[in-house]
Structures are given as structure tokens and as C-alpha cells.
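Please look over the sequence and the fold shown here before reading on.

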Amino acid sequence: MSDAYAAAGVDTDQADEGVGALVSVLRTIETGSPSRSVVPSGHYASVLRVTDDLGIAIATDGVGSKLVVAERADRLETVGIDCVAMNVNDLICVGAEPIALVDYLAVEEVDAGRLARIAVGLKVGAEASGCEVPGGELAVLPELIKGHPSPHGFDLCATAIGTVAIKDLVLGDRIAPGDAVIGVPSSGLHSNGYTLARRVLEPLGLDAKPAELQGASVADALLEPTVIYVRAVLDLLRSEVDVRGLAHVTGGGLNNLLRLGAGFEISDPLPVPPVFGLIQKLGEVSVAEMWEVFNMGCGFVAVVPEADADAATAILAARHPGARRIGTTTDTGTATVPSLGLSFPVR
């Protein structure tokens, strides 16, 4: 269990047990016809077979408690980017091209001006990923949603859909030991681990500018938008590179890589943004837990054959400077960072 995260209010072991309880019931659904699902449970997105050749990919997620910071700082224009990013970055991990997203916005009180500010981020994120937002839902739930401060509370989630040729699915099943692991930089925390991050950083004050943040305020660091990787990954998928695995590094850190069914040796990690060092120092969080909870500077990973490593790096770095090879796949079934003495999964 992640000790600091659990103390902040999120017990990852309990969360895993809860997901297991949900899945154990939902997998018994009988529709009266053969299942259209073609992707194993636990991957980044679901894919339903529409025809023999075409699949529809689906992913759903929200922004989480990053919204608390947005409310307190009264900075609402970027959280829509996070909402889009958390969905479309998952969707592309199966090789799908996002085409649309529908949002669910629950509010404590309707304020047209604040809703328009939230929509600004949704627009930016949708355009960055090439998605339409053809519809959504606004729910007014004053008894359920409580703000920070009240009555400005809201929750923001979405579901993204995309298309993928069944023959072009990228599931990680073709990864072989010795393949190259290419890492793409994150912008910071993205939208994960905020219960822990807020517990550590908010006491400083949102306007505080600790030296470690190099001129940025606590609010700046906490509200830096999640990077959208869609266009770079689509460039990669449309190239001659043999893309064998794609991973969105979110909550769970390096454990996310293990969804691809391979082992990973991260021998040359990407640089770690300063916000992570500040959290680790002030929260007295162990190195192992930091790498288990946060992305630690690497927001996305592509796995390609050794021969394609340079080409893949060039394609990804064209849109995301700093992308480079960070390691190699193995047959161990674990994700390791030898320089730090870390090995995952730790549970």
C-alpha cells in the first residue's frame, strides 16, 4: 500500500479491491448475443467490434480532485483540457483515433459565466486532439456536490469514442524482449495523485512560490494542464514504424506499463519536474511511493522494435520535445528502474 497516499485519504489497495468487486459482477452480464468486446479487461480503452473490420473504442474518466484546486484558485479555464486529455490519451493506447467526446458536468449551482470558463478548456482540449464535442449533460446537484468554497462546487467527467481497424489494434501482445521503450515528457502532475499532492502543497498557500518551483506558484504547478499526446501518437501510428505497445502513464506510475503484458527496464528515465521533488521533500514520501503514485516526468510511452527506435523518437519529439528512449522491454513481468533500485509491481 502507498503509505503517504493512504494517509492523505486514498488507499490504493482498497481501490483495487473495489474495482475487482465491480468487475466480478459486470463480467457476468448476459446480453443474449455474443460479446462484441475485443480487448481484454484492464487495458486503457475498450473496443467493440462493429463490423468484421471496424472497432469502436471507448474510454471514460474525470479530472479528480485537481478540481478542488481550480475552485480555490478560481482558475477554471484549463481543467477541461485535463478532462479531454485523460480520456483521449487512454483511447489512443489501443491504436484508435479519437473522433468525439461527451462531457458530464455536475454542479452545486448554475453559474453561466463559470460554465463558459470551464467550456473554454474543453474546447482547447477537443481541438488539440481533433475531437468533436457533440453533446453532454449538465446536472444540478446541490445536495451531492459541495464546493471549495460553496456554492461553486462541480465535477467534470467525459467519455471519448474513437475508431480503429481491428487488424490495427495495438495491445502489447507483440512486444518482445529487447524492444525499445520511448518516453514522452509530462508537464508535471497531470491529473493524478492530487489527494496526496494537495495535502502536501496547499498548506504553503496557492500563491506561494517555493524556490524549487523556479518562479512558478503552487497554483501554477498544481493546475498545469495534462499534455494531450493524440496527434503525435497518430503520426507514429501512420508511419512505417512497427508500434507494438502504447501506455498512458497516470495514477499508479510505472505500474501502468505492466498493462501491456511485458516487462520493462527503465535504464535512463526522463528528467523529473521540480514539483515532484517538492512533494517528496515536504511530504516525506519515499522514492518508491513517488514512482508508484505519479508519472515522475514521463506521461506516455511507446514500445517499438530496436530498429525503429530512432524513427519513433524523431516522430514523437517533433511534437513533444524531450521525447527519447528511456529503456528496454524484458521478459521479467516487472517494471524496474535500476538506478533507483525500484521494481514494480510492489503490491
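Asp 179 and Arg 244 are both buried, where buried means under 20% relative accessible area, exposed over 50%, and partly exposed in between, with a 1.4 Å probe and protein chains only. This is a predicted model, in which local features need pLDDT of at least 70 and side-chain atom pairs count only at pLDDT 80 or more, while totals for chains, interfaces and linings use all residues. Residues are numbered from 1 along each chain as its sequence is written, and side-chain values use heavy atoms, with hydrogens and water left out.

The side chains of Asp 179 and Arg 244 meet in a salt bridge with an N to O distance of 3.0 Å; a salt bridge is a side-chain nitrogen of Lys or Arg within 4 Å of a carboxyl oxygen of Asp or Glu. Asp 179 lies in the loop between strand S5 (154-165) and strand S6 (180-185), and Arg 244 in the loop between H8 and S7, so the pair ties together parts that are 65 residues apart in sequence. Helices (H or I, at least four residues) and strands (E, at least two) are DSSP runs, numbered from the N terminus.

The structure holds 17 salt bridges, and another of them joins the side chains of Arg 238 and Glu 97 at 3.2 Å, N to O. This pair links distant parts of the chain, 141 residues apart, with Arg 238 in the loop between helix H8 (230-237) and strand S7 (245-248) and Glu 97 in strand S3 (residues 97-107). Arg 238 counts as exposed because its relative accessibility is 55%, whereas Glu 97, at 33%, counts as partly exposed. Glu 306 forms a salt bridge with Arg 325, their closest N and O atoms being 2.8 Å apart. Here Glu 306 sits in the loop between strand S9 (298-304) and helix H11 (309-319), and Arg 325 in strand S10 (residues 324-330), 19 residues apart. Asp 74, Glu 77, Arg 114 and Arg 117 are linked in a network of salt bridges.

Not counting residues up to four places away in sequence, Phe 294 touches several residues, including Leu 189, Leu 196, Phe 276 and Ile 279, where contact means heavy atoms within 4.5 Å.

Phe 276 and Ile 279 are also among the buried residues of helix H9 (residues 274-283), together with Val 275 and Leu 278. These four lie on the same side of H9 because they cover an arc of only 160 degrees around the axis, the arc being that of the directions from the helix axis to the C-beta atoms. The buried residues of H9 pack against helix H6 (194-201), helix H7 (218-223) and helix H10 (287-293). H9 is followed by Glu 284, whose phi is positive, near 50 degrees.

Elsewhere, Val 38 lies in the loop between H2 and strand S1 (46-49) and counts as partly exposed because its relative accessibility is 23%. Leaving aside neighbours within four places in sequence, Val 38 is in contact with Val 47, Arg 49, Ile 166 and Leu 169. Leu 22 lies in helix H2 (residues 12-26) and is exposed, with a relative accessible area of 55%.
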